[in-house]
Each structure stands twice: as C-alpha cells, then as structure tokens.
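Thanks for making the time. I have one structure to go through, and I will keep to what can be read from its coordinates.

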Amino acid sequence: MGNTVSCCVSPGGSPKLPRQTDRLEDYQINTDLSDDTGPYLQHISDRELPDDLALESNPSDHARASTIFLSKSQTDVRDRRKSNHINHVSPGPLSKKYSSCSTIFIDDSTVSQPNLKSTIKCVTLAIYYHIKNRDSDRSLDIFDEKMHPLSREQVPDDYCRTDPEHKLIYRFVRTLFSAAQLTAECAIVTLVYLERLLTYAELDICPSNWKRIVLGAILLASKVWDDQAVWNVDYCQILKDITVEDMNEMERHFLELLQFNINVPASVYAKYYFDLRSLADDNNLSFPLEPLSNERAQKLEAISRLCEDKYKDLSRAAMRRSFSADNLVGIRRSNAVLS
C-alpha cells in the first residue's frame with residue numbers, strides 16, 4: 001500500500017512511461033524549480049542514444065562500432081591493390097623484418113605504451129583520409145582558418161579547395177606534440193575526440209578547418225589524459241600569433257559540441273590503437289622492430305611468470321567461491337578409463 005505505483009492510485013496520478021519518440025527531450029536540461037527540489041542537472045549517461053543507434057553513429061563511444069578513418073581508408077587501399085594487380089606491379093623488396101631461428105624481432109609498441117613517432121604518423125594518416133574521402137564540407141565558423149587564422153601569414157584564397165598532404169598534417173601535429181611534450185596515448189585520444197566531434201556535431205574535416213579541429217582535439221586530449229596538463233597560454237607560446245581568448249573560445253565550443261562527453265573507455269581506446277596498426281599495415285608504415293636481447297627476454301619471462309601466478313591465484317579463488325555445498329571439502333576427479 002505504501003508503493004506509489006499501485007492499483008490504489010487514481011488514473012490521473014499514475015506515472016507515465018517515457019516513449020521512445022521522446023528520447024530527444026532527454027538531451028535538454030530541466031531547470032524548472034519546485035518547492036521540494038532544486039534544479040535538475042542531467043547526467044551524461046542519461047543522454048546516451050539507444051544501443052542500436054549509438055553503434056551506428058558513435059564509434060568513438062562503443063567498442064563494437066567500426067572506426068570511421070579505417071572505413072574511409074579502405075577505398076584507397078582497394079584501388080591501390082587493384083591497380084597493382086592490373087599493371088602487374090611487384091610489391092618491391094621486403095621492408096619488414098621477419099624473425100628467424102637465429103634472430104627474433106620484437107615490437108616495443110604496445111597498447112599501453114605505443115611508439116610516439118609511429119603513432120603520430122598513423123593518426124595523421126587517419127586525418128588525411130578523413131579529409132581526402134570526406135562526404136561534404138560541413139563546418140562551423142569557429143573552426144574556419146580564414147575567420148580565425150593561426151598565424152599572421154596571409155591565408156591563400158584557395159585554402160578551402162586544396163587538400164593537405166600527409167606530410168603537412170604530420171609536421172603540424174608533430175610540432176605540437178614535440179613542443180608540448182605530449183605522449184603517444186594522447187595522440188590516440190586526440191583521434192577519438194576528433195571522430196566524436198564529427199559524429200556528434202555532423203561536421204566534416206576539410207581543408208578550411210582541419211588545423212583548428214586538430215588543435216582543439218589535441219588541446220582537450222592533453223588536459224584529459226596527461227597528469228600535468230598543458231595550459232592554453234602554453235599553446236600560444238607554440239603558435240605565436242594565436243590569442244588566449246581564441247583558444248578559450250575554441251575549447252568551449254569543442255566541449256559543447258561533444259556534449260561534454262570526454263570519457264574514453266578502455267575498450268574504445270584499444271580499438272583505435274589496433275585499427276591504427278591495421279592502417280599502418282595497409283599503407284606500409286612499419287612500427288620499429290628490434291632484435292630480442294637477453295636482457296629483454298629475461299624481463300618478458302619474468303612478466304609472463306608473474307601474470308601466470310596471478311592467473312592461478314584468481315582461478316583458485318573463483319573455484320573456492322563456486323562451491324555451493326557446505327560439506328564439500330575438495331574436488332573429486334574421476335579416473336580416466338583407457339580402452
């Protein structure tokens with residue numbers, strides 16, 4: 001009888017279940033004041049889209065959705081392979097190192113500690129494919145380089161029609177990461193924020209806005225990921241002609257377009273890392289390999305033994321917790337019957 005949702009409640013006072021069509025209303029903040037409660041601020045988890053729609057439109061939020069940059073790069077990869085097959089172009093000398101009986105090569109780039117130079121190359125290559133294979137030129141004034149130039153140099157008249165080369169994008173990002181001393185993990189988070197911006201705000205990264213979009217993503221990723229965040233005024237020391245007010249305004253717009261969703265799950269981060277590795281393999285960008293030394297082999301063996309011991313301890317604990325009978329002392333194993 002004390003339950004408010006019961007048969008004793010009048011029909012006019014019965015709660016109404018939210019309909020699926022009213023989902024868009026959940027994105028708005030309810031600021032109506034009542035006598036009992038203050039303003040209601042909606043949590044970010046309450047504004048998420050349904051799983052079926054989110055998987056389709058938000059690859060930066062869900063690990064099962066395919067990354068946008070990898071799908072955009074597949075067109076060029078297929079065309080390149082088809083052209084080489086038709087023209088009988090040989091792949092050329094092997095550039096990769098392969099392990100043999102005498103020498104074992106290992107890749108020190110891992111998901112927790114990626115190689116900085118190779119990761120930046122892959123991230124900038126992903127940005128290059130975003131620009132090259134874009135669907136349209138949807139943009140906002142806050143990201144337009146003509147309206148908000150990053151330097152005092154005259155912006156060319158054809159700045160919005162000429163696609164930048166991969167080397168140009170790499171030099172721009174590499175300069176920022178080197179001057180701000182950012183990590184490779186920050187580069188991966190930068191790509192996550194970039195694709196999240198393009199998805200949430202329905203924008204396209206194009207020749208007129210790519211520098212400011214990349215700068216805004218790097219700025220936000222460095223503050224979220226690094227323990228010692230780089231201040232906006234520090235970027236003004238790197239880009240001499242940009243003002244702090246411009247940086248603050250761009251950061252504010254970037255956050256609003258992201259709906260203040262700056263969380264990057266570990267599964268999404270891992271997905272972007274391995275998709276970048278796939279992108280590197282498709283474009284012959286090899287990660288550095290080094291011969292396995294005795295010291296490195298001993299470290300790997302020690303780590304392997306430590307992980308194996310932890311796995312055994314967890315297995316024993318799980319086995320003890322799974323016993324349901326009080327008088328069960330141990331596990332009885334039946335003898336094997338050989339015929």
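First, the ground rules. This is a predicted model, in which local features need pLDDT of at least 70 and side-chain atom pairs count only at pLDDT 80 or more, while totals for chains, interfaces and linings use all residues. Residues are numbered from 1 along each chain as its sequence is written, and side-chain values use heavy atoms, with hydrogens and water left out.

The overall layout comes next. The chain has 10 helices and two strands; these are DSSP runs numbered from the N terminus, helices being H or I with at least four residues and strands E with at least two. Read from the N terminus, the order is α-α-β-α-α-α-α-α-α-α-β-α. Of the 339 residues, 34% count as buried. Buried means under 20% relative accessible area, exposed means over 50%, and partly exposed is in between, with a 1.4 Å probe and protein chains only. The accessible surface of the chain comes to about 22,400 Å², and 52% of that belongs to carbon and sulfur atoms. That area is from the Shrake-Rupley method with a 1.4 Å probe; for residues, only the protein chains shown count as cover. Among contacts between residues at least 6 apart in sequence, 78% join residues at least 24 apart, where contact means heavy atoms within 4.5 Å.

Now the helix pair. Helix α6, residues 210-225, packs on helix α8, residues 244-257, at an angle of about 80°, and their axes are 10 Å apart. The axes are lines fitted to C-alpha atoms over the stretch in contact, and angles run from 0 to 180 degrees between N-to-C directions. That makes α6 roughly perpendicular to α8; the word covers 65 to 115 degrees, with under 35 roughly parallel, over 145 roughly antiparallel and the rest oblique. On the α6 side the contact includes Ile213, Leu220 and Lys223, and on the α8 side Met247, Glu251 and Phe254 are among the residues involved. By class, this contact has nine nonpolar, one polar and four charged residues. Here Ala, Val, Leu, Ile, Met, Phe, Trp, Tyr, Cys and Pro count as nonpolar, Asp, Glu, Lys and Arg as charged, and the others, Gly among them, as polar.

On to the loops. Asp61 is in the loop between α1 (51-57) and α2 (68-86). Is Asp61 buried or exposed? Asp61 counts as buried, at 18% relative accessibility. Its side chain makes a polar contact of 2.3 Å with the side chain of Tyr200, and another, of 3.4 Å, with that of Asn261. A polar contact is a pair of N or O atoms within 3.5 Å; within protein, one must be able to donate a hydrogen and the other to accept it, and residues adjacent in sequence count only if both atoms are side-chain atoms.

Between α9 (266-282) and β2 (289-291) sits Asn284, and Asn283 is in the loop between α9 and β2 as well. Asn283 is buried at 17%, whereas Asn284 is exposed at 67%. The side chain of Asn283 makes a polar contact of 2.7 Å with the side chain of Tyr129.

Last, the backbone. Most residues other than glycine have a negative phi. Asn284 has a positive phi, near 55°. Glu202, in the loop between α5 (184-200) and α6, also has a positive phi, of about 55°. Glu202 counts as exposed, at 52% relative accessibility.
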